Amino acid sequence: MNQKTDLSSMTLAKLTEYVTGTLGEPRFRAGQIYTWLHQKQVVSFGEMTNLSAALRSRLEEEAFITRPTVRRELRSRLDGTVKYLFEMPDGNCVESVLMQYHHGPSLCISTQVGCRMGCRFCASTLGGKVRDLTPGEMLGEVYEAQRQSGKPISTLVLMGIGEPLDNFDNVMDFLEILSSPQGQNLSLRHVSLSTCGLVDNIRRLAEKKLGLTLSVSLHASDDATRSEIMPVNNRYKIGQLMEACREYFAITGRRISYEYALIDGVNDGPAQARGLLKLLEGQNCHVNLIPVNPVAERGTRRSSREAVERFRRMLEEGGLSATVRRELGSDISAACGQLRRQEAAGAGERTQKPVETTGRPGPEE
């Protein structure tokens, strides 16, 4: 597979160059292949019936289509949320979560296998980063979730395992294919990208003016607290992050959403709320408060409902737009990264044979 060419990761321009240059085929063949891959979402070259048999045979020999398989599926009895553990061709696994909203299905996808950011409250970063996901693998999460659910995705969130801006070039190609009129044709205004605050790449993203929503994982209003729970703050201090965020808004005109995970006794007190009000004063932004998911290896505890409500009320009274994130799928291994670790702990992620999808989870799940 490593010696073959991954067509599903190619933008239309790159695919056209490959088809006309490497294959020596007419330009229009690239458009046909691209449509098969990203509109009809076929999983084999044999399904591309408007290509000649000779071309299909050559593609089988020289190229491949990336499509993850469902290794495990957990379905919430509470709200219909579905968590997929997707296995990639090399045996590595990532998670995606399909959530139901009144405006349609929303999918949260992973962008890396593991994560190297090291946030102290997060299960995804336990064990570090294994590798980046390719554009085709990220698209595969979307296509397979749509195939499994039988419904098109209406909104997409890059907030699963991994740091999207740490896989910048692949994520940019993924977004180009996703929004292409000849592909999935999903408006990037329906896409949210979450980052822990890679300042240099926030600036690179701003220059592209993609129209997506940038969600910044802030989680503290002072450097001491943020550095304690988010190692990235040792590289980019809060002041640098805020400057980049203001530049992002000035260039794109897109309001930033700040994610704030409330951790009991760490960042959920009145002093932290007042600090957040001062930090974000004058910004056109929204604060998304998240009661942190408990992770056994981390020892973090979620804030009480009273503390969460007090924090939200203080922000609103101070003039900030703030909401508490609606909890979905709380009965199916809520914290992102936990299902992947559970599966890996069972038999070894890259050596275990694929297991059957569980379907609706039993009480033990």
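Is glutamate 309 buried, partly exposed or exposed? Glutamate 309 is partly exposed, because its relative accessible area is 32% (buried means under 20%, exposed over 50%, partly exposed in between, with a 1.4 Å probe and protein chains only).

## Basis of the model

This is a predicted model, in which local features need pLDDT of at least 70, side-chain atom pairs count only at pLDDT 80 or more, and totals for chains, interfaces and linings use all residues. Residues are numbered from 1 along each chain as its sequence is written, and side-chain values use heavy atoms, with hydrogens and water left out.

## Salt bridges

Side chains of opposite charge can pair when their charged atoms come close. The whole structure holds 20 salt bridges (a side-chain nitrogen of Lys or Arg within 4 Å of a carboxyl oxygen of Asp or Glu). One of them joins lysine 83 to glutamate 95, at 3.1 Å from N to O. This pair links distant parts of the chain: lysine 83 is in strand S4 (residues 82-87) and glutamate 95 in strand S5 (residues 93-101), 12 residues apart. Helices (H or I, at least four residues) and strands (E, at least two) are DSSP runs, numbered from the N terminus. Lysine 83 and glutamate 95 are both buried.

Aspartate 166 and arginine 116 form another salt bridge, at 2.7 Å from N to O. Aspartate 166 sits in the loop between strand S9 (155-158) and helix H5 (168-179), and arginine 116 in the loop between strand S7 (112-114) and strand S8 (129-132), so the pair ties together parts 50 residues apart in sequence. Aspartate 166 is buried, with a relative accessible area of 15%. Arginine 116 is exposed, at 55%. A network of salt bridges links Arg116, Lys129, Asp132 and Asp166.

Glutamate 309 forms a salt bridge with arginine 313; their closest N and O atoms are 3.9 Å apart. Both residues lie in helix H10, 4 residues apart, about one turn of the helix. Arginine 313 is partly exposed, with a relative accessible area of 38%.

The axes of H9 (residues 270-279) and H10 (residues 305-317) come within 9 Å and cross at roughly 30 degrees. Axes are lines fitted to C-alpha atoms, for helices over the stretch in contact, and angles run from 0 to 180 degrees between N-to-C directions. That angle makes H9 roughly parallel to H10 (under 35 degrees is roughly parallel, over 145 roughly antiparallel, 65 to 115 roughly perpendicular and the rest oblique). Pro270, Gln272, Ala273, Arg274, Leu276 and Leu277 in H9 meet Arg310, Phe311, Met314 and Leu315 in H10. These residues divide into 7 nonpolar, 1 polar and 2 charged.

## Helices H1 and H2

The axes of H1 (residues 12-22) and H2 (residues 27-38) come within 8 Å and cross at roughly 130 degrees. H1 is therefore oblique to H2. From H1, Leu12, Leu15, Thr16, Val19 and Thr20 meet Arg27, Arg29, Ala30, Gly31, Ile33 and Tyr34 in H2. The contact divides into 6 nonpolar, 3 polar and 2 charged residues. Here Ala, Val, Leu, Ile, Met, Phe, Trp, Tyr, Cys and Pro count as nonpolar, Asp, Glu, Lys and Arg as charged, and the others, Gly among them, as polar.

## Valine 191

Valine 191 is in strand S10 (residues 191-195). Valine 191 counts as buried, because its relative accessibility is 1%. Not counting residues up to four places away in sequence, valine 191 touches Leu156, Leu158, Leu175, Leu178, Leu186, Leu212 and Thr213 (contact means heavy atoms within 4.5 Å). The C-alpha atoms of valine 191 and leucine 175 are separated by 9.0 Å, and the two residues are 16 apart along the chain.
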